[in-house]
Amino acid sequence: MKLPFFLASRFVAGETLETSLPVVDDLNQDGLHVALDKLGEHVQNRSEAIAARDAYIDLVRTMAERDDHGQRNRISIKLSMMGQLIDEDFCEENLRRLLEVAAKHDLFVRLDMEGSDLTQSTLDLFEAVYPDFPNHVGPVLQAMLKRTDRDIDRMCELGVSVRLCKGAYAEPTSIAYQDMSQIRERYLDYTERLLQHTDDSGIATHDDELIETTKSFVDRRGIDRDDFEFQMLYGLRRTTQREMAADGYNMLVYVPYGTEWFPYFSRRLREKKENVWFVLRSLFQG
């Protein structure tokens with residue numbers, strides 16, 4: 001049974017690009033940058049992967065045409081949508097086609113990080129295309145994964161723009177930290193390294209402790225606020241997003257859309273009990 005979209009509407013802008021673009025406009029008008037993401041993952045069919053690539057290319061062109069607010073808008077993609085699970089060479093070819101269009105329109109493409117089974121593949125594909133598109137592509141790293149320490153070193157060596165998040169996927173203790181205090185400790189260490197050795201990295205968190213500690217570090221080190229950004233998800237901490245933008249911080253909002261919203265919606269519910277209560281209230285009110 002297909003669940004009604006209104007359950008996910010707090011976290012997903014719309015089921016089509018057309019219904020999602022007004023959300024982008026509203027966020028831009030409030031001084032917020034946007035990363036628009038067409039939802040979907042784990043494509044196993046070549047024709048579907050090519051269709052996803054073409055949809056991403058259309059999204060780049062649409063975003064470039066509409067960027068009249070002076071915002072640093074971009075798109076975020078999942079490589080498993082473009083054939084990563086079928087054949088990496090095929091996926092790389094699709095990614096290069098997309099990045100050629102993105103570079104032409106000077107629009108940045110963020111490579112989302114999925115489950116740990118795809119981490120190495122995603123970083124391999126990133127490094128394959130990065131030399132040809134150094135200003136238009138960057139990965140996501142998850143603080144909860146134990147391997148991230150060395151991945152941060154590599155990205156700092158390259159000077160790459162990284163989106164750093166805690167991580168939303170359930171991972172085993174053998175490869176991932178489970179204790180939140182330990183994840184926060186790792187997150188802050190990685191944040192400091194990224195801020196000192198990369199430009200335009202994204203500190204993606206809703207955690208007040210991490211936000212305030214990052215602000216203090218930036219002030220102590222004299223790091224320009226224009227050299228990095230905070231990032232949050234659409235539908236969460238909306239007032240805080242606008243307050244931080246008003247305070248002079250770059251604030252980006254990750255805005256997903258599309259009909260394949262259920263996996264993303266499920267991850268949001270697992271993250272915080274407040275998200276579950278919001279959905280339950282919507283059910284009763286509806």
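Q: What covers the buried residues of helix H4 in this predicted model?
A: The cover includes helix H3 (88–104), strand S3 (109–111), strand S4 (137–142) and helix H5 (148–158).

Q: Which residues of H4 are buried?
A: Helix H4 spans residues 119–129, and its buried residues are Thr-119, Ser-121, Thr-122, Leu-123, Leu-125, Phe-126 and Val-129.

Q: Why is Cys-156 called buried?
A: Its relative accessible area is 14%. The term applies under 20%, therefore Cys-156 counts as buried.

Q: What makes Cys-165 buried?
A: Cys-165 has a relative accessibility of 13%.

Q: How many disulfides does the model contain?
A: The count is 0 disulfides. For Cys-156, the nearest cysteine sulfur is that of Cys-165, 16 Å away. A disulfide requires the two sulfur atoms to lie within 2.5 Å, so Cys-156 is in no disulfide. Cys-165 is likewise in none, as its nearest cysteine sulfur, that of Cys-156, is 16 Å away.

Q: What makes strand S1 mostly covered?
A: Of the 6 residues in S1 (residues 33–38), 5 are buried.

Q: How do you know that S1 and S8 pair, and in which sense?
A: S1 and strand S8 (residues 251–257) are joined over 6 bridges, in the parallel sense.

Q: Which residues have the most contacts inside the largest nonpolar core?
A: They are Leu-36, Ile-75, Ile-77, Leu-98 and Val-255, in a core of 78 residues. Beyond four places in sequence, the contacts of Ile-75 include Leu-36, Tyr-56, Leu-59, Leu-98 and Phe-108. Another core, of 12 residues, lies apart from the largest one and has Phe-5, Phe-11, Leu-39 and Leu-236 among its members.

Q: What is the predictor's confidence across the chain, and where is the pLDDT below 50?
A: The mean pLDDT is 91, and 91% of the residues reach 70 or more. The pLDDT is below 50 over residues 276–280, a stretch with 6 contacts beyond near neighbours in sequence. It also stays under 50 over residues 282–286, where the model has 3 contacts beyond four places in sequence.

Conventions: Residues are numbered from 1 along each chain as its sequence is written. This is a predicted model: local features need pLDDT of at least 70, side-chain atom pairs count only at pLDDT 80 or more; totals for chains, interfaces and linings use all residues. Side-chain values use heavy atoms; hydrogens and water are left out. Buried means under 20% relative accessible area, exposed over 50%, partly exposed in between (1.4 Å probe, protein chains only). Helices (H or I, at least four residues) and strands (E, at least two) are DSSP runs, numbered from the N terminus. Contact means heavy atoms within 4.5 Å. Two strands pair if DSSP finds at least two bridges between them. pLDDT is the predictor's confidence in each residue, from 0 to 100. A nonpolar core is a set of buried Ala, Val, Leu, Ile, Met, Phe, Trp, Tyr and Cys residues joined through side-chain atoms within 4.5 Å.
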